[in-house]
Amino acid sequence: LIPEEAEDMWHVYNLIRVGDIVRSSTIRKVTNESSTGTTSSQRVHTTLTVKVEAIDFDPGACALHLKGRNMTENELVRLGAYHTLDIEPNRKFTLEKTEWDSIDIERLNIALDPAAAADVAAVVMHEGLAHVCLLTPAMTLVRAKIDMQIPRKRKGFTSQHEKGVEKFLDAVCAAILRHVNLDVVKCVLVASRGFLKEQLMKHLFEFALKEGKKISGEQKGKFVLAHSSSGFKHALKEVLEEPAVAARLSDTKAQGEVKALNQFFELMATEPDRAFYGYGHVERANKEQAIEILLLSDALFRSNEIETRRKYVRLVESVKQQNGTVLIFSSMHVSGEQLTLLTGCAAILRYPMPDLEDEALDDDDEPK
C-alpha cells in the first residue's frame with residue numbers, strides 16, 4: 001500500500017491492528033565499536049518487518065508510529081529486537097494479517113475510490129474566534145484556529161472595535177487562502193451568528209485582491225453562507241443540518257451520517273420503541289430482523305480484543321444480509337463523536353419493539 005494524503009493515513013490507522021505484520025523501509029541508528037574501544041553511531045536505511053505491539057496515530061503530523069519486534073533476520077537488527085516503524089504519506093509498506101474481514105476489505109475499497117472524497121471546507125466563527133476546517137469522508141481536520149481579543153463597542157471608542165474586527169477578519173481570510181484550495185473543493189461553508197459571515201465574504205474578496213489572488217466567479221459560487229450559534233468546532237454539526245446546506249452536500253458521506261443520526265435522535269424523542277443503542281439491545285433487534293439502519297463508530301473496529309471486533313463484524317454482515325443499511329461513522333467527525341457518547345452502536349428499527357426496552361442487560365451489555 002502507498003498512502004497519498006491525510007485521508008489515506010486515517011484509513012491505514014483503522015486497518016492496522018496489534019498482531020499484524022508490517023514491512024517498510026526505515027532508518028535505524030547503528031552503533032559501531034572500533035578495536036580501540038571508541039564508539040560511533042550512524043543512521044542507516046534498511047527494510048524491516050515488525051509484528052505490531054503498539055500503534056500511535058498523530059493526525060497533526062499525519063504520521064503513524066508502529067512499535068513492534070523485528071520478525072526477519074537482518075545484519076543491522078537482531079531477530080526479536082524492538083523497532084518503531086514510521087508510516088507517512090508516500091511511504092510504501094506491506095501489511096499482512098492472519099484474517100482480512102469484510103470491514104477491512106470495505107475500508108480498502110473506500111480508500112482506493114478517489115471519487116469518495118467530499119472536498120468540503122468550512123469556516124465557523126463568532127467575533128474573536130474562528131475555525132477553518134476541511135471535511136473529508138473520514139474526518140474533520142481543523143486547519144487553523146483564530147482566537148483574538150476584540151475591544152468591545154463603547155461610546156466614543158467604536159474605531160478601536162472596528163480595527164479589532166478588521167484585524168480578526170484579515171487573519172481568517174489569510175487562513176482560508178492558505179488552507180483552502182478553491183480549485184479543488186466543491187463547496188466552502190461560511191457560518192456565523194449575525195452578519196459576521198457577510199462581512200467576512202466582502203472582506204475576503206478585497207483581501208485576496210490585495211494579496212494578488214483574484215477569486216474567480218466560479219470560485220465565488222462555491223461559497224455557501226449559513227447560521228451557526230458560535231465559532232466552536234462542534235457548531236459544524238448544526239451547520240450541516242441546515243436544509244440549504246444539506247441540499248448542497250447531499251451526495252457526501254458526512255451529510256448522510258448527520259441525517260441518519262438526526263433521524264435516530266428524533267425517533268428517541270417521538271417513537272423510542274424504534275431507536276435503540278448499546279450492543280445488547282441492537283443485537284436482539286437484529287435477531288428479529290428489525291434493523292433498518294445500523295450506526296456504528298469505527299472506534300469499535302480498532303479494538304485490540306479480536307472477539308470484540310468479530311462480534312461487530314458479524315453484526316454488520318448480518319444486517320447487510322437482511323437488506324439493512326450500515327453506516328460506519330468516523331470518530332474524528334463531529335457526528336461520530338456524538339455516536340461514541342451513545343456506546344458507538346445504535347440502530348433505527350423497521351418497526352417498534354416495545355418489549356426490547358423492558359429487557360434488563362448486565363454489565364457486558366448482553367441480555368440476561
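Trainee: What makes helix α1 (residues 6-15) mostly covered?

Mentor: Nine of its ten residues are buried. Buried means under 20% relative accessible area, exposed over 50%, partly exposed in between (1.4 Å probe, protein chains only). Among the buried ones are W10, H11 and N14. The model is predicted: local features need pLDDT of at least 70, side-chain atom pairs 80 or more, while totals for chains, interfaces and linings use all residues. Numbering starts from 1 along each chain as its sequence is written, and side-chain values use heavy atoms, without hydrogens and water.

Trainee: Why is R302 called buried?

Mentor: Its relative accessibility is 18%. The cut-off is under 20%, so R302 counts as buried.

Trainee: Which residues is R302 in contact with, beyond four places in sequence?

Mentor: W10, Y13, N14 and S331. Contact means heavy atoms within 4.5 Å.

Trainee: What makes the R302 to D298 pair a polar contact?

Mentor: The two side chains are 3.3 Å apart. The definition asks for N or O atoms within 3.5 Å; within protein, one must be able to donate a hydrogen and the other to accept it, and residues adjacent in sequence count only if both atoms are side-chain atoms.

Trainee: How do you know that β12 and β14 (residues 345-349) pair?

Mentor: They share five bridges, in the antiparallel sense. Pairing takes at least two DSSP bridges. Helices (H or I, at least four residues) and strands (E, at least two) are DSSP runs, numbered from the N terminus. L296 stands opposite C345 in β14.
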